[in-house]
Structure formats: structure tokens, C-alpha cells
Amino acid sequence: FLQVLNEKKLQEVDSLWKEFETPEKANKIVKLKHFEKFQDTTEALAASTALVEGKLSKNLKKILKKIVAKDAHEQLAVADAKLGGVIKEKLNLSCIHSPMVTELMRGIRSQIEGLITGLPSREMAAMCLGLAHSLSRYKLKFSPDKVDTMIIQAISLLDDLDKELNNYIMRCREWYGWHFPELGKIITDNLTYCKCVRKVGDRSNFASSDVSDILPEEIEEDVKAAAEISMGTEVSEEDINNIIHLCDQVIEISEYRTQLYDYLKNRMMAIAPNLTVMVGELVGARLIAHAGSLLNLAKHPASTVQLLGAEKALFRALKTKRDTPKFGLIYHASLVGQSNTKNKGKISRMLAAKTALTIRYDALGENTSAEMGAENRLKVETRLRLLEERGIRRISGTGKALAKTDKYQNKSEVKVFDPSGDSTLPVVSKKRKIQEVDEPDTEVAVKAKKFKAAMKEGTAVEDGEPVKKKKKKKDKEKQAEEEEVLSEELPISPIIEVRQNSTCVALLFHDALFMAAFVCLQNTEKKKKKKKKMKNEGED
């Protein structure tokens with residue numbers, strides 16, 4: 001605590017820095033009243049963090065009660081207005097905060113070594129550096145328990161162990177398969193296979209050995225029966241010893257992998273509990289390892305989180321202008337695996353959005369609980385259930401509110417049967433029909449008129465043109481009979497349409513042509529009658 005000696009000089013704020021140019025000038029403005037040293041860095045860090053957050057620490061409260069209570073009538077200059085409000089509320093002390101106080105604090109910090117005696121400059125610099133590092137760690141929420149490097153190394157080692165285990169087991173099955181090939185088909189589990197081989201060794205020992213602690217009774221009987229009729233080749237004891245040694249390596253690596261997985265699971269729950277709840281330990285650890293750290297992963301948007309691990313496919317699709325991938329490492333999450341093939345893209349997009357929120361909460365948040373991850377997972381599960389069941393529930397909010405639906409009203413409409421749909425023949429347009437019929441109709445009409453005129457004048461028609469004939473006396477009776485026939489009006493024959501195989505064939509018969517054929521028939525009948533009469537008269 002420092003006491004101001006000359007308050008008049010503090011009124012000149014712009015020139016106040018000149019009073020702190022040297023330690024001698026500074027001692028004329030302020031004077032050390034009380035100094036108390038921190039016991040260790042932890043206590044200094046607690047006091048500093050309390051000041052940064054605007055809180056009143058216990059040590060500061062005790063000192064204020066002891067020292068400032070004696071000079072209660074004086075004002076207390078405070079660099080933080082929030083802290084001044086807390087002191088005034090709890091201790092009932094008048095505090096002041098203004099630009100003049102800010103300039104005064106800046107001058108005191110510049111000449112702190114001259115104002116406080118008995119502190120070497122080296123120790124002062126070391127204490128300030130240590131406190132600055134501790135305060136920086138606190139602001140970043142840095143903790144040894146939250147070291148994501150351990151997760152990156154653990155998940156990388158886990159992947160390497162899986163590859164080595166696959167290679168070793170494949171080699172063990174192939175090697176022992178020359179001696180006892182039937183065992184590989186009976187025992188499908190790799191670890192059980194290696195334990196059984198290590199315990200028994202040669203296939204001839206299966207009949208006398210007890211493997212009930214490894215295999216069930218039914219499988220044990222099958223193995224013993226297969227060992228008696230096995231088609232494998234005989235091997236030496238040295239070969240069996242090497243195979244057993246390989247089985248020992250497989251069993252040890254499998255046990256270490258189980259232990260490493262438990263370690264990774266505990267680390268993930270300590271560092272990123274919400275991310276672990278959303279996508280699982282393995283997928284979360286692979287996302288962190290791919291991004292480099294949890295903080296780097298928190299900087300990525302949801303779209304990048306969705307495609308992490310599929311960068312090659314993404315750039316190949318952009319280069320060839322094809323469809324971009326919908327998911328990367330997040331595809332192995334349980335929620336994406338539960339969805340249908342049609343909904344995998346939608347679920348992965350929504351899961352990536354919620355995962356991005358949980359990552360930021362884990363990396364930058366103060367709370368270490370997994371409640372947020374559980375809530376977001378419930379929303380994604382609700383969305384997945386709605387996509388599969390096509391329900392009417394709303395997703396926004398808690399996902400439990402029912403969507404508003406309009407009242408159902410039955411509207412009955414009377415519909416008339418349309419008979420036009422019964423015809424299976426293609427419909428010919430009327431315009432086309434008229435155009436097809438008009439041309440022959442006009443030609444026939446012109447010929448008919450010429451034929452009538454020629455018949456009245458007593459001429460014959462050849463190729464549509466009348467030809468005059470010479471009249472004879474003998475034909476007068478015939479012409480009279482023909483005129484009587486022509487006087488009788490015969491009905492015009494209709495146009496006959498024949499439709500077959502979607503084609504229209506129009507057969508047009510005009511009344512003039514019909515009448516000419518009729519006259520020819522009558523002439524032949526009359527000639528026959530005359531011949532009969534002539535015969536009868538000759539006989540008489």
C-alpha cells in the first residue's frame with residue numbers, strides 16, 4: 001500500500017508522468033505505507049486471479065481491515081472499478097477510480113524498484129516471470145490432466161497394435177494350419193485360437209488335454225474329433241515351440257491393447273467428456289489426433305469436422321467436378337452406423353454440428369461435466385428416430401413438443417365418369433379427317449355433275465368428259481324408259497369408314513355411279529324378256 005503525499009500534483013493528469021521520471025521524484029509523490037510478501041507462488045496466483053476476476057481475496061480483506069480502518073476518512077484509489085465496488089460494499093470504504101488513478105498506477109509500476117526497498121532486481125524479475133506463467137496457464141485453463149498429446153500418442157499406438165496383431169494372428173493361423181488345418185474353421189476367435197494352441201501344442205495332445213477353461217464343451221468335442229482324423233502334416237517339436245512363442249506374443253499384445261484402451265477411455269473422459277459422449281472414445285481420439293490438438297479441433301467449423309479424414313476424396317471430387325463426400329472419420333460413430341443408407345448424410349451433418357459445439361465446450365469451457373454432450377446426443381437420436389419413422393414431432397427446443405396441425409375437414413367432391421378413357425384406339429383429330437375426306441369428295445362431286453348433265457343431253461362420259469352420241473330412232477323407247485328411271489330420286493349412299501390397325505380407309509360411292517350400274521342391269525333384263533317373246537312368237 002502506498003500513500004499519496006502531494007495530491008495537488010495529481011490534478012495535472014497530462015503532466016503526471018514527469019513526476020515519475022526518477023525514483024527521487026517518485027518518492028516525493030507517494031510513500032510506501034505497508035508491504036506484505038506472498039509465501040509461495042500458489043498464494044500469489046490465487047490473489048492475482050481474484051484481482052483479475054474483480055473479487056476480494058481473504059488476505060486482501062484482512063489487510064484492508066487492519067490498515068485502512070485507521071485512515072477510514074481517506075479515499076482508496078483502485079485500478080479496477082469492479083473491485084472498488086466490492087470493497088465499498090463489504091468494508092464500507094470510499095473508493096475512487098478515474099484517469100488520474102490510472103496514470104498514477106502506471107507511474108508506480110515504472111518505479112516499483114525504487115519505491116520498495118530490499119528487493120533485488122533479479123529476484124523481482126524472476127517472481128514476475130513465474131507469476132505471469134502461472135496466470136497465463138490459469139487463463140487458458142491449462143492443466144496437466146488436460147494434455148491431449150497423451151491421447152494422440154495413445155490412439156496412434158492403438159492403431160499400430162491392431163495392425164501388428166492382425167499380422168501376427170494371420171501368420172500364426174497359417175503356420176499352425178499346416179499341422180492342424182481343421183482347427184481354424186472350428187475356432188473363429190483369434191485370441192481363443194492362440195490360447196488353445198499354446199496350451200495343447202501338437203494335435204495328438206488334444207485327446208488327452210483338458211481345454212474346458214478355454215472352449216465350451218460342444219466346441220471341445222468337435223476339436224478332439226477333428227484332431228483324430230486331421231489331414232495336416234507332421235511337424236517337429238522345434239516348429240511347435242516357435243509357434244507357441246508366437247502365440248505368447250499375440251496374447252501379450254492383446255492384453256496390452258486392452259489395457260491401453262482403458263487408459264485412452266479414462267483420458268478421453270477427463271479431457272473431452274462431451275465429445276466422448278457424442279461420438280465415442282475412438283472416434284473422438286482420432287478427430288483430435290487428425291487435427292493436432294483439442295484446441296485446433298475447436299477452431300474447425302462443423303463442415304470441416306464432418307469431412308475430417310476424407311480430404312483426398314474431397315479434393316478429388318472438386319477436381320473432377322463430381323459429388324463431394326458426406327463424411328470422414330465421423331462415419332464410424334455409432335449414431336451414423338444406426339441410420340439407414342438414405343439418412344447417413346443427414347445424420348452425419350447434424351452430428352458434426354453438435355460435435356463441433358461439444359468440442360468447443362470441452363476445449364474452452366470451465367465445466368467438466370458431460371451434460372451438454374448427453375443433451376445433444378438425445379437431440380440427434382430424436383432426429384434419427386423421426387427420419388426413420390416419419391413422425392410429427394418437432395425437433396427444435398427440447399424435441400418433446402408436438403407440432404401444430406390444422407383441423408381435418410372432409411371435402412367430398414362428386415366426380416362424373418369420363419367415357420373418353422374407355423377407347424383403346426388412338427384418336428384421330430377432326431381437322432386431319434376433314435382434310436383427308438375433302439379432296440376425293442370434291443372430285444367425285446364435279447364428275448357427278450358432269451355425268452348428270454351428259455345423261456340429260458343424251459351423251460356418254462369417258463374419263464370425266466362428256467362424249468356426244470348420235471341418236472337413233474330405235475333407241476327412243478329406251479331413252480324414254482331411262483328418263484323415267486332417272487326421275488325417281490334414289491337416296492345418296494353414305495360414306496363408309498373402315499378403321500383397321502389405326503388407319504382410316506374411306507370408300508366413297510356416289511349416287512351417279514350407282515345409278516349407271518342400275519340402268520345397265522335393267523337393260524340386260526329387258527333384252528332377255530324380248531328374246532323370250534321372240535321365241536314364243538316364232539313357235540306360234
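Residues are numbered from 1 along each chain as its sequence is written, and side-chain values use heavy atoms, with hydrogens and water left out. Since the model is predicted, local features need pLDDT of at least 70 and side-chain atom pairs count only at pLDDT 80 or more, while totals for chains, interfaces and linings use all residues.

The protein has 23 helices and eight strands (DSSP runs numbered from the N terminus: H or I of at least four residues for helices, E of at least two for strands). Of its 540 residues, 28% are buried (buried is under 20% relative accessible area, exposed is over 50%, and partly exposed is in between, with a 1.4 Å probe and protein chains only). Take the contacts (heavy atoms within 4.5 Å) between residues at least 6 apart in sequence: 60% of them join residues at least 24 apart.

Now for the insides. Setting aside neighbours within four places in sequence, Leu 183 touches Tyr 176, Tyr 193, Val 197, Phe 206 and Val 223.

On to the charged pairs. The whole structure turns up eight salt bridges (a side-chain nitrogen of Lys or Arg within 4 Å of a carboxyl oxygen of Asp or Glu). One of them pairs Asp 159 with Arg 286, with the closest N and O atoms 2.8 Å apart. That pair links distant parts of the chain, 127 residues apart: Asp 159 sits in helix 8 (residues 149–177) and Arg 286 in helix 14 (residues 281–291). Asp 159 is partly exposed at 25% relative accessibility, and Arg 286 is partly exposed at 29%.

Arg 198 and Asp 248 also form a salt bridge, at 3.4 Å from N to O. Arg 198 belongs to helix 10 (residues 190–200) and Asp 248 to helix 12, so this pair ties together parts 50 residues apart in sequence.

Glu 381 and Arg 377 meet at 3.3 Å, N to O. They are four residues apart in helix 20 (residues 371–389), and are therefore separated by about one helical turn. Glu 381 is partly exposed at 28%, whereas Arg 377 counts as buried at 17%.
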